[in-house]
Structure formats: C-alpha cells, structure tokens
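Colleague: Could you walk me through how to read the features of a protein model, one at a time?

Modeller: Happy to. Let's bring it up and begin with a pair of helices.

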Amino acid sequence: MAKDFLTREENYSRWYNDIVLKAGLAETSAVRGCMVIKPYGYAIWEKMQSALDKMFKDTGHSNAYFPIFIPKSFLNKEADHVEGFAKGCAVVTHYRLKNDPSGKGIIVDEDARLEEELIIRPTSETIIWDTYRKWVQSYRDLPILVNQWANVVRWEMRTRLFLRTTEFLWQEGHTAHASREEAVEETIRMLDVYTEFAEKHMAIPVIKGLKSENERFAGAVDTYCIEALMQDGKALQAGTSHFLGQNFAKAFDVKFSNQEGSMEYVWATSWGVSTRLIGALIMAHSDDNGLVLPPKLAPIQVVIVPIYKSNEEYQQVCEKAYEIKNMLDAKNISVKVDDRDTHKPGWKFNEYEFKGVPVRIAIGMRDLQNKTVEVARRDTLEKTSYQQADIANKIEHLLEAIQDNLFRKALAFREDNTTKVDKWEDFKSVLDSRGGFILAHWDGTAETEEKIKEETKATIRCIPFENKNSEKGKCIYSGKPSNQRVIFARAY
RNA sequence: CGGGGUGUAGCGUAGUCCGGUCAGCGCGCCUGCUUUGGGAGCAGGAGGCCGCAGGUUCAAAUCCUGCCACCCCGACCA
C-alpha cells in the first residue's frame, strides 16, 4: 500500500500528506481548499466528537444549532471581530440561477440579488448573540451553556489537509453568564476540558496559557489556549477558549436585570476545537511506518489476522479468531477480524500498520496447538506470544499501556525539545537548528512580538499558567524587564 | 493574490527542448494454476479523447493562448 512512503527525515510535509492520503483519512476535493474526509478519517472525528460531547454534557452544556448564514450587518457590530474575520469570508450574493440565454449552460440570475448579502459563518458569535438577546431578560435566564457541532468557512490562501482547509468541522461553545467571575471560570473550565481530552484521549501533552494580544481571538478580552508540539519542532494550537467580556453583549444589546433590579450586560465565553486535531494526532505520534493512533481514538483498536494454508485450516483459525473477537467485544474493545482470502497475511500486516491500528493479533495453526496468539503492538512494533487464557483482560491492559506509552513518548519529546534561552543569538540558532518550544523572557509589548516574528517567524504560542510570574529577567529582544518566561515557537 | 513547479490508465512515471510507429514502463486490477507466520510466483488479459477549452499545422501529449487543479515558497489564519 505504501512502499514508496517517505520518512519524516526525508520530507516532513510529504510524509504528513502521504499518511493522510494513503491511510485513507481524507483527500482533496473538486472544490479548491476543501477536503473530503473519508470514512476512516471521519471515524476518528466521530470518536473525538463522542468523547468531547460527553465532557461538554458532563459540564452542563447542551447542543443546539444555528444557521450557516449570517447577515452581513451582524458581522459589523463588533469592531475587532469584523476586522479579524472580514478578510476571509465567503459571501452569498444571489439566490437563483438561470439558463444562459446564449445556451451555454447555467449562469447567476442577476435579477436575484439578495438585498442584504449573507456571510457563510467563519464562526458564530454574531448570529448567536443576536439570538441570545431574545433569550435573556433576567438573571434567572442565565447561564446559557450551549454548544454547536458545525462546519465553518474561512477563505484561506494556502490549505493543508486537516491543518488548514477552507471549510472545516468543529465545535463551538457559546455561553452567557451573569457575572464576570462566572464567565472567566467557564473559560478556564473548558480549557481544562480540552486539556484533559488532549492528554487522556489524544495522548498529546499540552501547555495551557494565555494568548498575547497579537494572537488573541478577534473580539475577545482574553484568549486561552492549549499548545502542542509536533515532531518537526513546530507548535500547533490544539484548542482555544475565549473570555469575551461584555463585548458581544454590548454589540448585540444583550442585557438582563440582576437581583437588585438594575440592567446589566451579559458576560460571555466561546471555545472550540476542530478537525485540525486529526492533524495534531498524526503529527504527534506517527512514524516512518505510517499512522500511529492512540487506542482511545482508534476506529479499530484490534485487528485479528488469520494465518492458514488449506480451507480446513481457514475454518479452524477463523473460528478461534471470532471467538476471541467476541471476548474483546464484551469489553467494548473494537475488533475487526480480517478474514478476507483475497490478501495475504503479510499484506494485511503492512496495511493495518500503516493505518495505525494499535494492536494486531495473528492466529495460525501453531497457535491453535499451543493455545497462543501472536500479538503485535503498533507503537513499539514489538511482537509477543500470548497465552489465549484471559486474553481479553490482557489486551485491555495492553491498550492502556499503549495509550500511556504514547503520551509518555510525546511528553519526553516535548521536554527534549523545550529550550530555555537568554540570548538573542541563541534564540535564533535554536529555532533554526531544532525548533521546538523556546522559553524566553519578553517585555510584554506587541511591538517586540511583531519584530521577533518578522525576524524569525516565531510567535508567542502562549504565556503559560505554570510558573506564572515566577522569574524576573530581561526581554530576549529588547532587554527590557520581564517577570515571566513565555513560550515561543514557529507554528502551524 | 505574487514567485517557482507539476498535470500522460486507479497510483507512480517515460516521452515534451528537436511536432510524424509514442502512447510506453512499474505497481495495482481481471482470469487460471501454484501459494499463504512480514507487502507471493508463473501464464494470459482489460484499462488512457496525454488536466480542460480554443488555436497553429497535412499531422499535436509535444508548439501558441486562455482556463482549471495540485505541490513548494511568501502575505492571512484554527
């Protein structure tokens, strides 16, 4: 399936692209910048969705759905918000087509121009806050804790499968609160939910922090994020949670009467993660043999491959294979028995390895005699012979061990690729030689960040929560005083 | 949107400079037999208006014009 697969060393971006294509996750479509997410890739997204959705529900949120179209005038109402998004919006101007009078197919009917153009949502704050105005009158109507699973469109210049496409799938939470404290608390709570999801489900360690002014969401008071490090030394923002203050409440006039009977603007948050996480998953764990998936997000956790010669052997081996499948099914482990006679075992081994299936079990006549199975784990590529007795428990533990090992490996990688730097020369050389996260002092100004970005393409990924205000120092660039190190990196 | 590159069978490609048995090769696919514990072997077979649309020419994958898509590098971003 992928004999001509390049290594990460040879060409990292081709390696990434080939995994997406050859593992059957997604492909480019007839529409520029838009991708087709194929069944295997979409199955990963569904796993992400169901884990996250449960976490959202467990923290009190409900799902709802708002329109894909936003009246152009809405986008105008919050000044920073328009400025941030206006450049990349798709606009619907007409509502009808007609036959070309010259007989050359179909054209836009100029008589069917919309009075007010519609924007295809790049994000839904405006339409949602316009709606919330009608939902909120009293403090008794608060909080509103709503999430929506949706597609959004941002007209990107350069696209890459999963990492940046014109249309992408995501989830956007939008909450309304009676007090600043409560909204801030919600913002952090959801950041913690994302952190838990990234670390426990995706097995990717992340750094929590605050975005600098330059990187802040258009319309937010504060943007918090989780940042992950990819194997090529570049950072990837894996989730964001915004404290919106009263910006949108003021723009859309969403007020409530508080317990004292006076009118007050509502406090807001929004937070989201997207199909980009699939890109993160690939770049965090996969190797030169293809995709590596953490068991918790793998559509197929265990594949069983029968080994046989005669038809009679095929029957016997498959019978045992399905017997084991049933035992694993009972533990909610997702198992596929690949009993196709059209492919050889070796072919299947490579196929599932490339697709990142965490555990492979091979069963042949030898195993039937010895009451064993051959178990191969994808993360280490180790093969071991297991006794069949108690196999379900053993596999269950193995899956946990793989999940755990992937996280520890990713954490060790991040630690190895995080460098404290105090000299500007070192900053540049570390960035060029190995990349990774760079911990350096910064004077806190947007101008300095901008200059650093211009000279090195590195940006401040976040001002980490950890070690907040723990260390005084001098800005790496300007030499001005700083009371905390921030995280710099080149980013996706 | 600017600079660079590419587009030939499902995939990867030769041929493009120097128009004319150039439409080839590998993988995959189909049929049959032998195989099956790490991508099987042999034999036979199917599949392409050479990205699309125009133009030049007796003749275009090859030359010209326009368009489209993809890749790499910038500006924008989850």
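Modeller: Bear in mind that this is a predicted model. Helix H2 (residues 39-58) and helix H6 (residues 180-201) pack at an angle of about 145 degrees, and their axes lie 11 Å apart.

Colleague: What is the hand of the crossing of H2 and H6?

Modeller: H2 passes H6 in a right-handed crossing.

Colleague: And which residues of H2 and H6 meet?

Modeller: From H2 come Ala51, Leu52 and Met55, which meet Val193, Phe197 and His201 of H6. Sorted by class, that H2 and H6 contact has five nonpolar residues, one polar and no charged ones.

Colleague: Let me try another pair. At what angle do H9 and H12 cross?

Modeller: The axes of helix H9 (residues 311-329) and helix H12 (residues 391-416) cross at roughly 60 degrees and come within 9 Å. To name such an angle, note that 65 to 115 degrees counts as roughly perpendicular and under 35 as roughly parallel. H9 is therefore oblique to H12. The crossing of H9 and H12 is right-handed.

Colleague: Which residues meet there, in H9 and in H12?

Modeller: Ile324, Met327 and Leu328 in H9 meet Ile391, Ala392 and Ile395 in H12. By class, the contact of H9 with H12 has six nonpolar residues, with no polar and no charged ones.

Colleague: How should I read the backbone angles?

Modeller: Then look for exceptions. A cis peptide bond joins Leu142 and Pro143, with omega about -5 degrees. Pro143 sits in the loop between helix H5 (125-135) and strand E9 (144-153).

Colleague: What is the phi of Asn332, and where is Asn332 found?

Modeller: Asn332 is not a glycine, yet its phi is positive, about 60 degrees. Asn332 lies in the loop between H9 and strand E18 (335-337). Leu381, also not a glycine, has a positive phi of about 65 degrees. Leu381 belongs to the loop between strand E20 (372-377) and strand E21 (383-387).

Colleague: One last feature, please. How far apart are Met263 and Ser310 in sequence and in space?

Modeller: Met263 and Ser310 are 47 residues apart in sequence and 81 Å apart in space, C-alpha to C-alpha. Met263 is in strand E15 (residues 263-265). With 9 other C-beta atoms within 10 Å, Met263 is exposed. Leaving aside neighbours within four places in sequence, Met263 is in contact with Lys255 and Ser257.

Notes: Residues numbered from 1 in each chain as written. Chains lettered and ligands numbered in written order. Predicted model: local features only at pLDDT ≥ 70, side-chain atom pairs only at ≥ 80, totals over all residues. Axes fitted to C-alpha atoms, helices over the stretch in contact; angles between N-to-C directions. Helix = DSSP H or I, 4+ residues; strand = E, 2+ residues; numbered from the N terminus. Parallel < 35°, antiparallel > 145°, perpendicular 65-115°, else oblique. Left-handed = near helix turned anticlockwise from the far one by under 90°. Contact = placed C-beta atoms within 7 Å. Nonpolar A, V, L, I, M, F, W, Y, C, P; charged D, E, K, R; others polar. Buried ≥ 20, exposed ≤ 12 C-beta atoms within 10 Å, placed from the backbone.
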